[in-house]
Amino acid sequence: MTEEKRRKKIEIPEICRVEGHSAVHIEIVGDRVENVQLDVFEGMRFFERLIIGHQQDEIPHITSRVCAICSTGHVLAAIRAVEKIAGFAPSPATSLMRELMHLGMIIESNSTHIYALALPDFLGFEDVHQFASQHTEEFKAWTDLRNLGCLIQTILGGRPFHPVNLHVGGFSRFPSIEDFQKIETDLRSKYALAIRTCEVLMKFSPPVRRTSEPVFFALVPENDHYGYFGDQIRSNHGFQARVEEYKTYLKEETVPYSHAKRSSVEGKPIMVGSMARLTMFSDRLSSNAKSIFDSSALAKGDHNTIWNNLAQGIEIVEAFDRCLAIIETLIQTKAEWDPFDKRQHSRAIVPPVQGAACGTVECPRGTLYHYYELDEKGFVVAADMITPSAQNTYRIERDIHEVVSQTINEEYDEEREKTLTRNLETLVRAYDPCNTCATHMVSVKYTS
Amino acid sequence: MTAGSPLPSIAVHGLTGCAGELLVILENLENLIPYVRVSSFPFAQSKNEDDRPVDIAFVEGSVSQPHDLERLKKIRAQARWLVGVGNCAVWGCVQRDGCRKESAVAMFEKTYGDKSQDDVMPSTPLSDHVRVDVKLSGCPINSTQLLAVTASLLRDHLPYITSKPVCLECKLRENACVLIENNLPCLGPITAGGCGALCPTFGAACYGCWGPSEQPQMEAMSTILQEKGYEMNEVMSRLFAFGAPDELFERVKRTIPQVSVDTI
Ligand code: SF4
Ligand code: SF4
């Protein structure tokens with residue numbers, strides 16, 4: 001290493017993941033990491049503005065388009081907000097089916113992230129041909145799990161994403177008992193695969209290590225089991241609040257270098273997503289998911305970012321168990337929700353009420369907030385959405401800062417540069433960033 | 001194609017959209033891989049050859065910033081066939097309607113505060129900027145149509161994609177009409193089919209996600225919705241939510257008495 005001051009730039013160019021493109025800029029001056037910027041330069045669609053003037057029934061179908069892979073989450077967050085404003089409580093069967101739908105998304109999204117996006121780092125393949133031809137077992141595991149997630153969402157929602165069957169007030173058509181049995185059969189036949197996914201993930205040791213402990217935020221599940229819906233937010237530092245108060249604890253700000261807003265709590269970064277949920281609510285896991293968790297580094301308090309991949313795997317196992325339990329209940333309570341003429345009863349009319357509320361769900365990547373103000377006819381007057389990826393951005397920057405700082409006194413040769421670059425990518429990708437994007441190409445450029 | 005010659009290549013790119021088409025293509029990998037080489041797919045792989053010619057380029061998303069436009073032009077220059085996939089690429093989807101209501105710059109300022117950046121553009125479909133060989137709409141696209149389009153291009157045929165209304169598919173499925181029998185605001189009559197009349201099959205109203213059908217009878221649709229008691233503001237916002245072009249918007253707007261126009 002020379003005496004002269006270095007500048008280091010980390011670019012993430014072609015990141016077409018969900019909401020576009022991002023780059024990382026790291027500035028090193030002397031032996032200090034001066035600045036880390038996660039620059040999200042995806043095109044903007046202004047959902048908070050374009051939704052204004054639409055009627056409450058239209059909201060879920062439009063906000064679904066924020067993101068395909070977590071469209072179910074956007075649909076459900078919107079529905080929860082509208083129903084909260086209207087003071088409408090869905091029937092128990094409707095709630096269960098919504099949860100089942102959400103778990104379908106968790107299975108699909110987590111397995112796609114684990115196998116297709118995160119695993120290449122650990123198995124060392126570079127393109128989809130290598131994935132399909134040289135890692136056939138993993139490729140099949142991915143297709144099997146993903147197809148299961150798609151099946152659940154297609155049966156409940158009409159298609160694998162951007163569901164057409166979920167509405168304010170309920171479902172336009174309930175699936176049949178045979179449909180639920182089909183899901184059940186598929187779940188049982190792939191159960192071992194879910195467990196094996198975790199076993200695989202446990203074996204990969206983290207290539208880098210952040211040095212500070214993150215502050216985790218997640219919704220308190222509204223029922224007594226592990227879950228993704230709730231109206232209370234909690235941190236692992238003892239903070240708890242109603243989500244309607246989000247503006248008082250979650251500070252969203254624009255940064256000049258990025259199109260993504262950056263969130264912080266009391267000026268500090270937070271982390272949301274699978275690891276946050278498991279850190280606070282592992283005692284609610286199903287017994288199989290719990291025993292995997294207990295045998296993992298996570299249970300020992302190791303919060304290395306890379307373990308978020310494993311956390312997603314554990315949530316797949318949990319989702320299998322919960323799906324089976326839901327289906328069992330639905331079949332047992334068939335008489336309550338499956339009247340002779342389904343069409344008449346599956347969707348309630350929700351008369352509009354003037355007001356405002358926040359609908360929140362835990363998406364695969366963390367807490368998603370949808371806030372709406374409606375007028376007396378149910379038209380949107382104002383809207384606000386905070387996505388999990390926006391909440392994680394600051395923490396990603398902090399992680400990069402800490403990892404690069406540890407290497408600062410090392411000699412940088414080409415090989416080391418490459419390794420550092422690759423490891424930073426792996427780190428960013430473990431967050432499964434949605435609008436900030438998981439990337440497969442980072443290049444570090446050194447200019448002196 | 002002769003034995004031993006390399007497989008034809010495809011590239012998959014996303015501009016400004018929800019990644020729905022990227023996801024559909026990802027989910028069809030096992031069907032595509034035996035027949036094509038995926039030379040670029042940044043969403044799914046780390047090794048991408050973006051500077052080499054490609055047989056088919058699939059492009060998702062609208063053009064919503066100068067960066068999108070730059071990329072689109074590069075993609076076009078390298079591609080033998082350019083296929084616009086999804087409503088965003090073909091029509092501009094929900095972000096286009098957003099830009100009609102309010103300028104992109106104004107929306108930027110309201111969403112991101114006064115820290116304005118000068119790199120916003122109104123959202124537009126690909127064909128406003130480059131030649132698009134095949135327009136495959138959907139939100140998301142239908143997998144079967146994707147494979148059919150690919151198969152056809154691999155044989156050097158430009159596929160024929162109809163955009164007859166959803167109603168046609170609805171009739172073929174012998175659904176009860178939700179517009180007539182359930183009094184729902186179904187946009188099937190003016191929306192391009194391709195989904196197999198998904199919403200009406202589930203007993204719900206079509207909300208137009210495929211974009212407009214051929215020769216959409218917008219005025220008639222608007223009249224029907226008004227007869228059902230929808231006010232004109234709501235009719236307009238429903239009719240044009242999913243990317244219908246400005247000409248149609250202006251056409252329907254002309255049918256509205258002047259007084260209410262300003263409020264739309
Ligand atoms: S239900 Fe909708 S799509 Fe089907 S025939 Fe009626 S108007 Fe057309
Ligand atoms: S019926 Fe209409 S809204 Fe529903 S999937 Fe088809 S085109 Fe889209």
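First, the ground rules. This is a predicted model: local features need pLDDT of at least 70, side-chain atom pairs count only at pLDDT 80 or more, and totals for chains, interfaces and linings use all residues. Residues are numbered from 1 along each chain as its sequence is written, with chains lettered from A and ligands numbered from 1 in the order in which they are written.

Chain B to begin. It has 14 helices and 5 strands. Those are DSSP runs, numbered from the N terminus: helices are H or I, at least four residues, and strands are E, at least two. Of the 264 residues in chain B, 52% are buried. Buried means that 20 or more other C-beta atoms lie within 10 Å of the residue's own; exposed means 12 or fewer, partly exposed is in between, and C-beta atoms are placed from the backbone. Take the contacts in chain B with a separation of 6 or more: 73% come from residues 24 or more positions apart. A contact here is two residues whose C-beta atoms, placed from the backbone, lie within 7 Å.

Now the sheet. In chain B, 5 strands form an open sheet, order 2-1-3-4-5, with parallel pairing. Two strands pair if DSSP finds at least two bridges between them. Strand 2 (37–40) and strand 5 (134–136) of chain B are the edges, each pairing on one side only. Strand 3 (residues 54–60) and strand 4 (residues 79–85) of chain B pair in the parallel sense over 6 bridges. Look at Phe58(B): opposite stands Val83(B), in strand 4 of chain B.

Next, helix 12 (residues 232–239) of chain B. Why call it largely enclosed by the rest of the structure? Because 6 of its 8 residues are buried. They are Glu234(B), Val235(B), Met236(B), Ser237(B), Arg238(B) and Leu239(B). The cover over them includes helix 11 (218–227) and helix 13 (246–253) of chain B.

Over to chain A. In helix 9 (residues 274–281) of chain A, the buried residues include Ser274(A), Met275(A), Ala276(A), Arg277(A) and Leu278(A). Strand 6 (217–219), helix 10 (287–294) and helix 11 (307–332) of chain A are among the elements that cover them.

Last, the contact between the chains. Chain A gives 49 residues and chain B gives 54 residues. On chain A's side, the elements giving two or more residues are helix 1 (47–50), helix 2 (59–63), helix 4 (92–123), helix 5 (128–134) and helix 6 (136–157).
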